[in-house]
Amino acid sequence: MVANEQIKQIASRIIYMRETLELSQQDVAEKIDMPLEEYIAYETGEKDLPVSMIYSVAGALGIDATELLTGETPRMDSYAVTRKGQGVGVERYKGYAFESLAANFRHRDKEPMLVTISPKDGKPELVAHGGQEFNYVISGKIAVVIGAKTIVLNEGDSIYFDPRIRHGQYAVDGEARFLTVIDKE
């Protein structure tokens with residue numbers, strides 16, 4: 001699947017930052033513990049960029065993920081207010097969009113995001129990343145796949161899990177929204 005324009009811009013920023021730091025694709029792939037071929041597919045926009053990939057690469061480059069998402073550096077140290085609908089949004093692919101709710105806060109160790117997902121064919125591509133993850137369903141119904149287990153969550157339900165286990169979420173019976181908070185380690 002070819003990435004949308006926003007994902008292409010993020011991939012372009014990854015290339016720019018990597019080259020600025022005089023790192024090879026192999027260097028970054030090794031730092032994030034990913035096969036080189038898979039890393040290249042993400043960097044060139046041939047594969048959709050999972051949120052976890054964006055944060056892993058940002059960590060490997062020593063920058064905040066906001067710089068890859070927006071091209072800007074976070075500025076706030078004491079607090080950051082995000083008004084309704086004003087978070088940094090990214091549509092990874094049709095039917096999956098997330099909005100970063102703390103993008104302008106510097107040196108954050110957690111990443112709160114509002115995720116909107118719509119039903120699509122098949123199950124999601126499973127991803128894995130470090131830290132810990134919390135999902136809280138705001139509206140609709142989602143299925144959370146963790147390894148070989150699928151757990152269906154309704155509005156008001158939540159799950160806390162180890163995201164080093166390959167996982168993914170998908171909407172069940174219509175559009176759903178959930179808050180995810182990822183501890184970046």
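Start by selecting His107: this residue is exposed, with a relative accessible area of 68%. Exposed means over 50% relative accessible area, buried means under 20%, and partly exposed lies in between (1.4 Å probe, protein chains only). His107 sits in the loop between strand E2 (96-100) and strand E3 (110-117). Helices (H or I, at least four residues) and strands (E, at least two) are DSSP runs, numbered from the N terminus. His107 is not a glycine, yet its phi is positive, about 60°.

Before moving on, note what you are viewing. This is a predicted model, with residues numbered from 1 along each chain as its sequence is written. Local features need pLDDT of at least 70, side-chain atom pairs count only at pLDDT 80 or more, totals for chains, interfaces and linings use all residues, and side-chain values use heavy atoms, with hydrogens and water left out.

**Stop two: Glu22**

Select Glu22, in the loop between H1 and H2. Its phi is positive too, about 55°, although Glu22 is not a glycine. Is Glu22 buried or exposed? At 71% relative accessibility, Glu22 counts as exposed.

**Stop three: Tyr96**

Now go to strand E2 and pick Tyr96. Tyr96 counts as buried, because its relative accessibility is 9%. Which residues does Tyr96 touch, not counting those up to four places away in sequence? They are Val51, Val90, Glu91, Val115, Thr116 and Ile117. Contact here means heavy atoms within 4.5 Å. Thr66 and Tyr96 are 30 residues apart along the chain, and their C-alpha atoms are separated by 19 Å.

**Stop four: helix H4**

Select residues 51-61, which form helix H4. Nine of the eleven residues of H4 are buried, so this helix is largely enclosed by the rest of the structure. Color the buried ones: Val51, Ser52, Met53, Ile54, Tyr55, Val57, Ala58, Ala60 and Leu61.

**Stop five: H1 against H4**

Axes are lines fitted to C-alpha atoms, for helices over the stretch in contact, and angles run from 0 to 180 degrees between N-to-C directions. H1 and H4 are therefore roughly parallel to each other. That label covers angles under 35 degrees; over 145 is roughly antiparallel, 65 to 115 roughly perpendicular and the rest oblique.

Show the side chains at this contact. From H1, pick Ile10, Ile14, Met17 and Arg18; from H4, pick Ile54, Val57 and Leu61. These residues divide into six nonpolar, no polar and one charged. Ala, Val, Leu, Ile, Met, Phe, Trp, Tyr, Cys and Pro count as nonpolar, Asp, Glu, Lys and Arg as charged, and the others, Gly among them, as polar.

**Stop six: helix H3**

Select residues 36-43, helix H3. Tyr39, Ala41, Tyr42 and Glu43 are buried there. The buried residues of H3 pack against H1, helix H2 (25-31) and H4. Gly45 follows H3, and its phi is positive, near 80°.

**Last stop: a ring pair**

How many aromatic pairs does a search of the whole structure find? It finds one. Select Phe134 and Tyr160: their rings are 6.4 Å apart centre to centre, with 50° between the planes, so the pair is tilted. Rings of Phe, Tyr and Trp (its six-membered ring) pair if their centres lie within 6.5 Å; planes under 30 degrees apart count as stacked, over 60 as edge-to-face and the rest as tilted. Phe134 lies in strand E4 (residues 132-146) and Tyr160 in strand E6 (residues 158-161), so the pair ties together parts that are 26 residues apart in sequence. Phe134 counts as partly exposed at 26% relative accessibility, while Tyr160, at 54%, counts as exposed.
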